[in-house]
Amino acid sequence: MDKKRVLTGITTSGTPHLGNYVGAIRPAVEASLTGDFESFFFLADYHALIKCQDPEMVNQSTLEIAAAWLALGLDPNQVTFYRQSDIPEIPELTWFLTCMTAKGLVNRAHAYKSAVQLNDEQCEDPDFGISMGLFSYPILMAADILMFNAHNIPVGRDQIQHIEMARDIAQRFNHHYGELFVLPTAQVDDDSAVLQGLDGRKMSKSYGNTIPLFLTEKKLKKHINKIKTNLLEPGDPKDPDSSAVFQIWQAFASQDEIDYMRDAFAQGIAWGEAKKKLFELVNSQLNEPRERYFELMARPEEVENILSVGADKARVHSSALIAKLRNAVGLRRLS
Ligand code: TRP
């Protein structure tokens, strides 16, 4: 039997941080190395344009994110690793799907609804600041997924609704034009850590509380020292489970190291000492990837080559499917 296809995209609108690593990159790379799946990982740069209209930033972020995945062990020979905008069949499929998608379905998308609600609260016009890109975001995402007939889509909780929409859209399309798409399933990994940021909230670019993945040692230490703690003194027992320091430790440590730190908290380890140990642990794991990352950042043409090979691999699938789809919807030669 053919292997199940796993597919996920990473929006290229920021600098990768520790939360991206433990929540998405590490589990995806590990799963791809088992050889149990056929993996498709891509840089969602069309999606980036929805949030980010700074061309240099989109370009830089694409390089940073590609270099980060490669530096962290993604093997482009084992997976299909490509850039969304290198696949012209995706925008074409987006249009086919757009014409088969009820507007009412998209009206229900959380991201769009919360933008409308925010306008409402601020007594603005409901459509204020909302582009058609933001509105149609779930359809572009459905095209990403359906283009490669992917079965499992590893995503964060916030994306589950989008996968369900992709499924609905595929179902409607299949019903009308014949069985052309695999129905995808969201795969939410409850074990993969949602990391706390510097302020104790979820680490997220939108909260400005991230620790970037690839910093110089000095800067990494500085960021770790900024993690919010409380006023407990050295010697005072501390609660590990409410501490971002402990939680980040847990995401990087072995079971023995976790037990050790839990004990140290009970014994009243000083915050400064706990942070120093956290820095040493995280740094020891990022040392090697950091070197590879900076090498790749200095040679963008190498990353470009890898992506272009990935695009060729991806297009073997996408061009075959788009030919079938064009035929199915009636975009055919006249003779
Ligand atoms: N929207 C996703 C996010 O912001 C990124 C993404 C784009 C994606 N296309 C996708 C994820 C297809 C999974 C499948 O996280």
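Reader: How far is a nitrogen atom of the ligand from an N or O atom in the side chain of Gln-159?

Author: Heads-up: this is a predicted model, where local features need pLDDT of at least 70, side-chain atom pairs count only at pLDDT 80 or more, and totals for chains, interfaces and linings use all residues. Residues are numbered from 1 along each chain as its sequence is written, and side-chain values use heavy atoms, leaving out hydrogens and water. A polar contact is a pair of N or O atoms within 3.5 Å (within protein, one must be able to donate a hydrogen and the other to accept it, and residues adjacent in sequence count only if both atoms are side-chain atoms). For Gln-159 and the ligand nitrogen, the distance is 3.2 Å.

Reader: How do α7 and α8 sit relative to each other?

Author: Helices here are DSSP runs (H or I, at least four residues), numbered from the N terminus. The axes of α7 (residues 132-146) and α8 (residues 160-177) come within 9 Å and cross at roughly 70°; axes are lines fitted to C-alpha atoms over the stretch in contact, with angles from 0 to 180 degrees between N-to-C directions. Angles under 35 degrees count as roughly parallel, over 145 as roughly antiparallel, 65 to 115 as roughly perpendicular and the rest as oblique. So α7 and α8 are roughly perpendicular.

Reader: How many nonpolar residues does the contact of α7 with α8 have?

Author: Contact means heavy atoms within 4.5 Å, and here Tyr-137 and Met-141 are among the α7 residues that meet α8 residues including His-162 and Ile-169. Ala, Val, Leu, Ile, Met, Phe, Trp, Tyr, Cys and Pro count as nonpolar, Asp, Glu, Lys and Arg as charged, and the others, Gly among them, as polar. There are no charged residues and one polar one, while the nonpolar number eleven.

Reader: What about α3 and α12, how are they set?

Author: The axes of α3 (residues 55-71) and α12 (residues 271-298) come within 9 Å and cross at roughly 140°. That's why the pair is described as oblique.

Reader: Which way do α10 and α11 run relative to each other?

Author: The axes of α10 (residues 244-252) and α11 (residues 255-266) come within 9 Å, crossing at roughly 165°. That angle makes the two helices roughly antiparallel.
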